[in-house]
Amino acid sequence: MMMREAQDSKDVLMRLIRRWLWLLAAICLGGLVGLWISSLLPPVYEAVAVVGVGVDYGRTLPLDDEAMRHALDRAREVFLADETLESVLRAYGQTGDQVATVNALRDTLRLSEIGGGWELGVRAGSPELAAELANTWASASLNALQEAVGHAWRAADLQSKWYIAGCELLPPATPPEPAAWACSTSIEEYDPDQALTEIEREAVLSYGILPSMSFSTLQDATPPAQSLTASRALCILAGLLLGAVLGLIAASALPEKAPKR
């Protein structure tokens with residue numbers, strides 16, 4: 001049994017060696033088919049804008065790697081937030097189903113962290129549109145981040161007053177009464193209950209951005225000179241692999257002609 005299997009394997013191998021031209025032709029034909037299919041696909045262009053981030057260590061303690069990672073992740077959320085992308089769509093007069101439109105836009109975006117900032121890549125069918133969308137996305141993100149920093153400073157200011165006033169929640173004198181805030185120091189026009197509500201509100205609007213962070217445009221997007229070649233290369237590679245598989249099957253399965261006597 002084992003000798004029969006070894007003989008069959010040897011026969012298949014010899015058949016493939018004798019028909020190597022078939023295999024080569026099938027691979028070349030598959031690559032040409034992949035190239036033809038890729039030519040039918042519409043071109044895709046990607047434009048890239050760069051947004052930088054800085055931390056003013058004169059206003060905060062030094063951050064370890066974990067704290068810096070957390071701060072950058074909070075900023076990343078602002079770049080991809082629905083509110084940010086909706087402002088990009090409004091700049092182009094997009095209306096209708098906002099959820100579907102925002103999700104479609106998000107599928108064309110690439111946000112990559114680099115040293116000292118992010119690359120904001122946008123793919124589109126024309127180089128000019130890709131550059132316009134990338135710059136609009138960068139501008140909308142900067143506005144959202146700067147607003148978040150403003151809310152972070154507001155929350156920090158309210159919280160500092162809270163500590164200065166020495167406010168603490170005291171249990172009620174009688175059980176039916178609710179607990180109340182009591183402050184050891186009186187600050188003019190400072191209501192602890194209202195301040196607590198405002199702190200929570202400002203903390204939500206800050207998206208967790210550190211008040212000591214700053215953002216700026218490092219590079220505007222320009223129309224790319226060439227389209228992306230990844231899709232064409234994948235089509236050609238797929239064609240080559242498919243041709244190789246079909247060539248192997250054909251070369252090993254088709255029976256050989258019997259020798260003439």
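Contact here means heavy atoms within 4.5 Å. Keep that handy for the exercises below. You're working with a predicted model, where local features need pLDDT of at least 70, side-chain atom pairs count only at pLDDT 80 or more, and totals for chains, interfaces and linings use all residues. Residues are numbered from 1 along each chain as its sequence is written, and side-chain values use heavy atoms, with hydrogens and water left out.

**Exercise 1.** Find Asp82 and work out which residues it is in contact with, leaving aside neighbours within four places in sequence.

*Solution.* 
- Step 1: Look in helix 4, residues 82-91, where Asp82 sits. Helices (H or I, at least four residues) and strands (E, at least two) are DSSP runs, numbered from the N terminus.
- Step 2: Check how open the spot is. Asp82 has a relative accessible area of 40%, so it counts as partly exposed (buried is under 20%, exposed over 50%, partly exposed in between, using a 1.4 Å probe and protein chains only).
- Step 3: List the partners: Asp82 touches Val102 and Arg106.
- Step 4: Zoom in on Arg106. Its side chain makes a polar contact with the side chain of Asp82, at 2.6 Å. A polar contact is a pair of N or O atoms within 3.5 Å; within protein, one must be able to donate a hydrogen and the other to accept it, and residues adjacent in sequence count only if both atoms are side-chain atoms.

**Exercise 2.** Work out the strand order of the open sheet and find its edge strands.

*Solution.* 
- Step 1: Read the order of the four strands: 2-3-1-6, with antiparallel pairing. Two strands pair if DSSP finds at least two bridges between them.
- Step 2: Pick out the edges. Strand 2 (109-114) and strand 6 (213-219) each pair on one side only.

**Exercise 3.** Trace how strand 3 is joined to strand 2 and to strand 1.

*Solution.* 
- Step 1: Start with strand 2, which six bridges join to strand 3 (residues 117-124). Leu111 is opposite Leu120, and Leu109 is opposite Val122.
- Step 2: Follow the turn. These two strands form a hairpin with two residues between them, and Gly116 in that turn has a positive phi of about 85 degrees.
- Step 3: Go to strand 1 (residues 45-55), joined to strand 3 by eight bridges. Here Val122 is the bridge partner of Ala47.
- Step 4: Six of the eight residues of strand 3 are buried, so the strand is largely enclosed by the rest of the structure.
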